[in-house]
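Student: I have a new model to read. Can you take me through some of its residues?

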Amino acid sequence: MTNVLEVERLSVRLGRHAILRDLSFAVKQGSSLAIIGPNGSGKTVLFKTLIGALKGTGEIRWAAGTRTPAFWFILAIRGPANIAAKFS
């Protein structure tokens, strides 16, 4: 089965603080992944990094044609009529 998302050795720092360190995982097509943890553990930082809103080191690979979370966020903000211009 194909991976729709692969993350290898992802690290994110905010200022002097390491928020994520050497995180690796893959999500197979058709599967689900839950990200759970206490407040302040880095869940939002992970998602923002996955959609490109924050910079990190390591590799993030989305499968070709995958509609990333950024797609759905922009769709919700701009509406379907304006989405084609952003992703064409």
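Tutor: Start with Ala18, which lies in strand β2. Strands (E, at least two residues) and helices (H or I, at least four) are DSSP runs, numbered from the N terminus. This is a predicted model: local features need pLDDT of at least 70, side-chain atom pairs count only at pLDDT 80 or more, and totals for chains, interfaces and linings use all residues. Residues are numbered from 1 along each chain as its sequence is written, and side-chain values use heavy atoms, leaving out hydrogens and water.

Student: Is Ala18 buried, exposed or partly exposed?

Tutor: Buried means under 20% relative accessible area, exposed over 50%, and partly exposed in between (1.4 Å probe, protein chains only). Ala18 has 28%, so Ala18 is partly exposed.

Student: Which residues is Ala18 in contact with, leaving aside neighbours within four places in sequence?

Tutor: Contact means heavy atoms within 4.5 Å. Ala18 is in contact with Val12 and Arg13.

Student: Where is Thr49 found?

Tutor: Thr49 sits in helix α1, residues 43-50. Its relative accessible area is 4%, so Thr49 is buried. Beyond four places in sequence, Thr49 touches Leu10, Val12, Leu54, Gly56 and Ile60.

Student: What does the side chain of Thr49 reach at 2.7 Å?

Tutor: The backbone oxygen of Val45.

Student: And where does Leu33 lie?

Tutor: Leu33 lies in the loop between β2 (17-28) and α1. Leu33 has a relative accessible area of 48%, so Leu33 is partly exposed.

Definitions and conventions. A polar contact is a pair of N or O atoms within 3.5 Å; within protein, one must be able to donate a hydrogen and the other to accept it, and residues adjacent in sequence count only if both atoms are side-chain atoms.
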